[in-house]
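Please keep the sequence and the model open while reading.

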Amino acid sequence: MKLLALIHLFKFICLLNLVAGQAPYYGPARYVDDDLRGDYCRNRYPVTCCRERDDTCSVPILGTVCYCDMFCNRTNNADCCPDFQAVCLGISPVPPPGQLTQKFCHYQGRKYYLGQTVKINCNKCTCQLKENEILDFACEQNVCLVRSELINTINDGRYGWKASNYSIFWGKTLNDGIKHRLGTFKPIRPTMEMTEIHQIMKGPLPPTFDARQKWRNLITPIRDQGDCAASWAFSTTALASDRLAIESLGVERMELSPQHLLS
């Protein structure tokens, strides 16, 4: 009964993976000893591999049999034929340790072996076998919110300001930043069609301006909205708080609540 329950559980997990559009996980590629290498499942006729449990889906090997059905893969390939992963699952076998030019992947002084993963900035990287029998990381291709090359490009130019690596943004994707840190909706059409207010300046603009120096103790500090996607509420209440304090010459000094706009 327990064995039958395990079979049904395996089928159910495979079905869930197929519904989710993902292939079932069959474990990392394994190393096959040179003495056992050969065509076993590949030479079965007329069917090389069997989807269900099938005790007849087997091939003679070393005085016993190995299997080419999906059920053999339930316990770390113990009953599977040496070429089962390559023929039935499409997983390339790992070359013998002596043939690997590089036996592990490196990142920040740590070693990662075949199949191990590490998160590098906003991308998950897996140590995989590459060309020329070398192990190296294969990473997701997400655009990260903070990128070293972007920071260097800005700081090498003449933009009047310097970019920094803010650790709170490290590990987040650009889509995370747009979704959780902006939160501004596209303006309605009448707003988009509004024209600018042109004002004649009396004299040139000053070379520098700091509101904290101009209106001491009247400017509210910068607040962190976190990942609540409410930049519009924070900026609006901050501006209103500052203008209220300035226009009242400091009589009305309060930090208006962005939460009030959101609730």
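The disulfide between Cys 125 and Cys 139 is right-handed, because the torsion about its S-S bond is about 110 degrees. Cys 125 lies in strand S6 and Cys 139 in strand S7, so this pair ties together parts that are 14 residues apart in sequence; strands here are DSSP runs (E, at least two residues) numbered from the N terminus. The model is a predicted one, in which local features need pLDDT of at least 70 and side-chain atom pairs count only at pLDDT 80 or more, while totals for chains, interfaces and linings use all residues. Residues are numbered from 1 along each chain as its sequence is written, and side-chain values use heavy atoms, with hydrogens and water left out.

- The sulfur atoms of Cys 125 and Cys 139 are 2.0 Å apart, where a disulfide is defined as a pair of cysteine sulfur atoms within 2.5 Å.
- Cys 125 counts as buried at 1% relative accessibility, whereas Cys 139 is partly exposed, with a relative accessible area of 30%; buried means under 20% relative accessible area, exposed over 50%, and partly exposed in between, with a 1.4 Å probe and protein chains only.

**The sheet**

- Three strands form an open sheet in the order S5-S6-S7, and their pairing is antiparallel; two strands are taken to pair if DSSP finds at least two bridges between them.
- Strand S5 (117–120) and strand S7 (135–139) are the edge strands, each with a single partner, so one side of each has no neighbour in the sheet.
- On average, and with direction ignored, neighbouring strands of this sheet are turned by 35 degrees against each other, the axes being lines fitted to C-alpha atoms.
- Four bridges connect S5 with strand S6 (residues 123–129) in the antiparallel sense, and Thr 126 in S6 is the bridge partner of Thr 117.

**Other disulfides**

- The structure holds eight disulfides, including the link of Cys 50 to Cys 57, with an S to S distance of 2.2 Å, and that of Cys 72 to Cys 80, with an S to S distance of 2.1 Å.
- The link of Cys 50 and Cys 57 is right-handed, with 95 degrees about the S-S bond; Cys 50 counts as buried at 13% relative accessibility, and Cys 57 is buried with a relative accessible area of 0%.
- For Cys 72 and Cys 80, the torsion about the S-S bond is about 105 degrees, so this disulfide is right-handed, and both Cys 72 and Cys 80 are buried.

Methods:
Axes are lines fitted to C-alpha atoms, for helices over the stretch in contact, and angles run from 0 to 180 degrees between N-to-C directions.
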